[in-house]
Each structure stands twice: as structure tokens, then as C-alpha cells.
Amino acid sequence: MTTLATTDTPLVEILDADGAQRLEQAFGHRTVGDLLHTLPRRFRQRGQRVDRKSLVIGERVTVIGSVKRMNSSSYTPKRGKGRLERVTLVVEDGGVDFEVVFFAGAKIKYMLPVGSEAMFDGTLSEFRGKLTLKHPEFLVLTAATGQSGPLKGSGDLAALATLSAKLEAEGSESLFGRRFLPVYSSKEGVTSWEVFGAVVTALRALVPVVDPLDPALITSLGLMGLDEALRTAHLPTHEAEIEPAVYRLRFDEALALQLLLGARRRFYSRDPAPPSPVRPDGLRTAMEARLPFELTAGQKSVLEDVSLDLSRDQPMNRLLQGEVGSGKTVVALLAMLQVIDSGRQCVMLAPTEVLATQHHRSLSAMLGDLGEKGQLGAPEEATRVVLLTGSMSTAARRQALLDIVTGEAGIVIGTHALIQDSVDFFDLGMVVVDEQHRFGVRQRDRLRAKGRAGRVPHLLVMTATPIPRTIAMTVFGDLEVSELGELPGGRRPITTTVVPVGEKPKWLDRVWERIREEADDGHRAYVVCARIDGDDKSDAGDDSGVPLTAAEDLYDQLSRDELSDLRVGLMHGRLPPEEKDAAMTEFASGALDVLVSTTVIEVGVDVPEATVMVVMDAERFGVSQLHQLRGRVGRGGFEGLCLLVTNSRADSRSRTRLDDVAATTDGFVLAQLDLMQRREGDILGDAQSGALSALRILSVVDDGAVIALARQYAESILDADPRLHAHPMLAERVNSLAGSEESAYLERY
Ligand code: ADP
Ligand code: MG
């Protein structure tokens, strides 16, 4: 009698204790469902041609084929006595020959004579130009005589053979007779074959799985049933079945994820937020009348959405994506003023102190006397803008905190770390998060908790790192998304050129010349370096062996030599805050022509007269980062120039990447490019761990279409049944995806 199992059955009940423990240790699998929802990496198809180029030395491979030749020779091992027989088999698989070597192979000669068919599993190596497997595990599939009997073999393969024999006795097909053999990721000594054995055991025990989806939905989407999908995804008989099976499982994950995000969104919008409608006599209206420019159509339309959100009695949760320089700040400012008009406070969070300081300066400048509450001659409705940084004097800091807690300060600007940990607000009405595309759910929750008396602040997250919509939908699944496409008038496109100093060292002189020409026209230039000082010479540039240019060294050199006639400044993260601030202020005011710096100037810095951005060792930077950097120039109606200086070789991957960045200014094209080169975890960030890390089949990067579809169905399910009372199985999946900490979303509203 076989034990029967459901997907909830613990693996220990169907596997031996040791096997179950190994699977848990290596993959975290506890239940049959955990195991079955981890799909094969690929299938090994018997008789299929093997592409030699796809074989990687050092990787584990499975070779299935017939023994073409055999050699044996005896030798005396270094240690030990007596003589051993080294047996080398030549096995052909899919048109490729493999040498299979056994060092103590006397028995092998008899088990695997020429003509027999067998399966070998081991680590691929190369010896004298030949693909080699050294003492792999093996399984004899058919002896040379063609007679079939109990399968003989070694290790996990032998164990699998025993299982296969059991299945055959029950009337099933032999596992090894299958055309498609699944290959699973192996980890911590748990081989693909061991996983396969566990999967087969689990599927054998599994009673038909009840489908949690409505039959109508399954039919209308043409989905495979869950039971069939689970079995087929591991043990397909035809190639054509694989994709629909995997698709079904992927859809289920996407649906559970979107149900979770939808539940979370509903949970938050349940919380009250006092409505802040636009007031005709308020600050927002006054500021709009004073703007030195006309808002772009995009800014107007985003602002309309935001205004509407703010005038409702539910908190806004909105992501504003907009190209570098698309004018997000002014949108945020007007939104904040609308909230201040209803008597509440706003906070703007920046990733760095430099950016926070700049926001303080530019918002104060835009507001003029509207931001000078308490000063002589300021209008009655005026508010106060307060900056809070770690480097402020104790007295200034105390005053700022006092202004915040009494409500005197309408707008508070600072870095995340600071505000999150140490600030109490009088009545926080809105949080603006600037340039933070990795702003996680948990961080958001902490800020929401800063509202007064259970009232949840509105939230506006702004980013210039373009994220394809379906990813935004998932990563920020509980946010509405707005986009700012066009750049404000007068913005000229930026020309980007790669400067390959490896091949054309003279071009570097031309770079400094260009800077001088621009400075002569009253413009300014940034020169960005990948590192601060040259202490660590070991860290050479990408593939060139040339050490990275250090900001301090280049600053010394340029101010002494190539640009000695210009005013050159230095800025990096290790300078004391007041020096950083001074450098930035001088560059902004024109007291400096050139700023040599590290990426501290990366995001949000706005100096309209800056026209040249030189990036040294550009191959060291990511695509998005380069795009952000060049967005620092060409802001003031002057043409912008970005020079990507690199030592990387002409045919290298990093050079191709730079060429791609130079070839397009479309942030969304670049975002795709970036995605292809970065790992998912990178994009999603640690803050998104939890639910997203629990995904086994769905790829947030690749499966945009499934995610969009699932979101649509998740919404209609939640609209009709917000707590999923009529869908207990879906509710269970959502809760297990959310993990214990967050699972309350479904119950709490
Ligand atoms: P980002 O979206 O990158 O944060 P900013 O908000 O810093 O962009 O805006 C970039 C520059 O464009 C600023 O100098 C800002 O004053 C200016 N700007 C914003 N909106 C407009 C507009 N509608 N017309 C002209 N200039 C604008
Ligand atoms: Mg900005």
C-alpha cells in the first residue's frame, strides 16, 4: 500500500527521514506542494542532438548513450598495494563522444561491455581535448545482449532504478524509458536524480489535486487543470504539453501574488485620511500662479490624478515614474502644498544628504516668501520648509525637531534613515519619497505609522529609474502608477559618446579640451570617477588591467595640469558634510567650472548650466546609473554632452553595453537592457524579500504578460469576495505566500 498524499502532506510522511531532511536543508522543501512547485530546470530528451557549445566544463551532466569502445590498463595506485584496472569507455550521446573513466573499473568491464546502453551522471571535465567524466554514477539501461532485467547501477541512479522497478511492477512505464527526463537544480549534495526520485514518489502518492480556480475561469483562459499541470510539468510525454503545464502553475503564482497585493491595497485604502481638496485661497493655488514656467501636459495630468487622490478620504498610494529631468519635483511641491492647505505636514525623503540639501534649497527658492512663515512680510498662508540632516549642529537640529513636532514646519526634508528613526510629527499628512525605486513595503508601513491618531499619510514615491509597467505593477503592486514622459520645453537631447582611451589615448586630451570650450561659454562640467582614492591599486578596471581613476588623483592632476586655468572642485562621500555642501553650492553658483566627484551627485542634482558629464571608467557603472548621470546635464536649455571614458576592449560585453547607452536616450529601452543584465534580486531589492522571494516559478522580470492577466482576475475576485471567504484554497495560497508576518491583510479588513 502506498501512502496517500495531498500537496500539504509533509515530505517526511512519504520519503525516508534522511531524504526529507536533505530536501528541506537544501531547498527548504517541507511539503509535497513545495517539492512539486519547484519545476525542472530543463528536460533531457533522449536521442536529441547534443550541442557541444552548450556543455560547460565543471558542470554536472547526464550522458545517455551506448558504449562505442572500451580500453583498459592496469596500474599501481600511489598509495596502497596491488594493481587496479583503469577502464575508459567512449560513450556517444547525441553525436558527441564522451570519455568515461573508472579508476577501479574491473567490474565495469563486465557491467558495461561495448554495445550496452547506459546513463552516466557526473562532472564534466576536459582531458587532452576530450570531454571526460571521471567515475560518474551510472545506470545500465540495456545490456549488450539486449536482455532486460533489473537495472544495475550506482548511487542515486541505482536508487532511482529500484523505484522505477517498483513502478513497472505496478504497470507504469519505466522511468528510464521516458523520452523526457527532467533535470532539477542540484544543491548541497542533493542531486537532480535524488530530487527526481522524490518527485516521482510524491506524484505516485498524490491524490488528485482539487483545483482552486473557478471552472469558468479555467475554461475562459484555456488553462490546464491543476492536477494535470503538476504531473505534466515534471513528467511530460510530449513536448507540446510542457508549456501549458508550466503556464498554469505560473498563472497560479501570479494570481496568488496579485491577490496578496490587491488585498494589501484594499487594506490600506480602508484607513481614513482627511480629505485635502484644492483651496482657491491656499498655498497650492498661490504657488501655481507664481511658477516661472508653464507646466507640461504630462505634469498637469499627473497633478490632476494626484489632486483627486488627495481630495478623497482614503490615503493616496502613488508611484510617479518620470525620466530624469521630467520635472517631478514641482509636481511633488504642488501636491505637498495642497496637503498643507488642509493643515497637515509633509515630509520629503531623499536617498542622500546632498540631494536633501539641494531639495531644501530649490524648494525654498521656488516658494520664495510663501515658505517664510514667521518672517516679516510673509503672506499669511505661508509655511516653513525645514531641513534635517545628520550633520546639523545640535542647536539647529533641536530647533528643526521642535518646528516639526509643533507643526510649525509644513515641509520637512531629510534622508530616510534620519526621519524614519528619530522624528515625531505634529500631523503628518503626506510622505514624498524621491529617487527610491527600491522602496519596500515594510519601509512604507513604518512611515504610514507616523500619521496622527490612526490617520494614514498620503504617499508619493518618485523615481527616474524606469521600471517596465508590469514590474512596477508587481514590485509596487499596491501603488497606482503615473508616468511623466515628456521633458519640459527647452530641454535638448543629450549626445553621448564613448571615448575608448585603450585604443585612442589621444581622445582623452580632447575630453579636457571640450570641457574648456564649454567653460569658455559659461557652462560647467562634471567629471565622475568610480572611486575616491588610489590606495587600492589591485582593483583594476574591467578587462583592461588599467587601475581605476580615483577622484582625488584626477582632481589633483586636472587642477595642476590640463585644466589649471579653470576652477576645479572635488566632491565625494568621505568629505565632511560642510565641504560637500560647499562644493555643491559653489558648483551651482558658478564659483566652480568643473566638479570632480564620485556618484554622490548621481540622483536629482539640478544645475542648469552644467552641460558636460564625463564618466571615467564608465564600464564600471550600470546602465541605469549612466542614464541617471547623464541626466544631470542639458537641463538649462543648452545642449548636453556625455562622454563615457573607458579602457574596456572594443569587442567586450562592457563596451557593447556602453555603445547601447550611447545609442539611445529612451529610458524604457535602457531599462529593458538593464534588466537583461542584472539579476532579479538586484532589481527588486532586499526590501521586497518576503512574498517575492517565495515565488518559485514566476519571474517578475520575464512574465509581465501573465502578471498583467493575473492582476485583472485578482481584482475581479477581490471585488466580489474581498476576504476570499468563497475561495478558501486561494486564501490559503495567499497567506502562505505572504508569510506569517503579513498574512493579516486578508483578515484585517
Ligand atoms: P526630475 O524629474 O529629474 O526630478 P526636476 O524636478 O529636478 O526633474 O526638474 C528638472 C528641471 O526642470 C528643474 O530645473 C525644474 O525647475 C525644471 N522644470 C520642471 N518643470 C518644468 C516646466 N514645465 N517647464 C520648464 N522647466 C521645468
Ligand atoms: Mg528629481
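Mentor: A disulfide is a pair of cysteine sulfur atoms within 2.5 Å. With that definition, the structure holds 0 disulfides. Buried here means under 20% relative accessible area, exposed means over 50%, and partly exposed lies in between (1.4 Å probe, protein chains only).

A word on what you are looking at: this is a predicted model, where local features need pLDDT of at least 70 and side-chain atom pairs count only at pLDDT 80 or more, while totals for chains, interfaces and linings use all residues. Residues are numbered from 1 along each chain as its sequence is written, chains are lettered from A and ligands numbered from 1 in the order in which they are written, and side-chain values use heavy atoms, leaving out hydrogens and water.

Now to the charged links. A salt bridge is a side-chain nitrogen of Lys or Arg within 4 Å of a carboxyl oxygen of Asp or Glu, and the whole structure has 33 of them. One of these joins the side chains of Glu-715 and Arg-266, at 3.3 Å from N to O. This pair connects distant parts of the chain, 449 residues apart, with Glu-715 in helix H24 (residues 704–720) and Arg-266 in helix H8. Helices (H or I, at least four residues) and strands (E, at least two) are DSSP runs, numbered from the N terminus. Glu-715 is partly exposed at 22%, whereas Arg-266 counts as buried at 17%.

Lys-300 and Glu-294 form a salt bridge with their closest N and O atoms 2.9 Å apart; Lys-300 is partly exposed at 38%, and Glu-294 is exposed at 61%. In the salt bridge of Asp-309 with Arg-312, the closest N and O atoms are 3.5 Å apart. Asp-309 is buried at 11%, while Arg-312 is partly exposed at 41%. Elsewhere, Arg-510, Glu-513, Arg-514, Glu-517 and Glu-518 are joined into one network by salt bridges that share partners.

On a 1 Å grid over the protein atoms alone, a pocket is an open set of points where a 1.4 Å probe fits, with protein on both sides within 12 Å along at least five of seven lines, and lining residues have an atom within 4 Å of a point. Its lining has 23 residues, and Thr-7, Asp-8, His-37, Glu-732 and Arg-733 lie nearest the centre. Helix H2 (32–36), helix H7 (226–234), helix H8 (239–270) and helix H25 (728–742) each give two or more residues to this lining. H25 provides the largest share, 5 residues.

Finally, take a look at strand E14 (residues 428–434), where 7 of its 7 residues are buried. E14 pairs in the parallel sense with strand E11 (residues 345–350) over 5 bridges, and pairs with strand E15 (residues 458–463) in the parallel sense over 5 bridges; pairing needs at least two DSSP bridges between two strands. Val-431 in E14 is the bridge partner of Val-347, and Met-430 has His-458 in E15 as its bridge partner.
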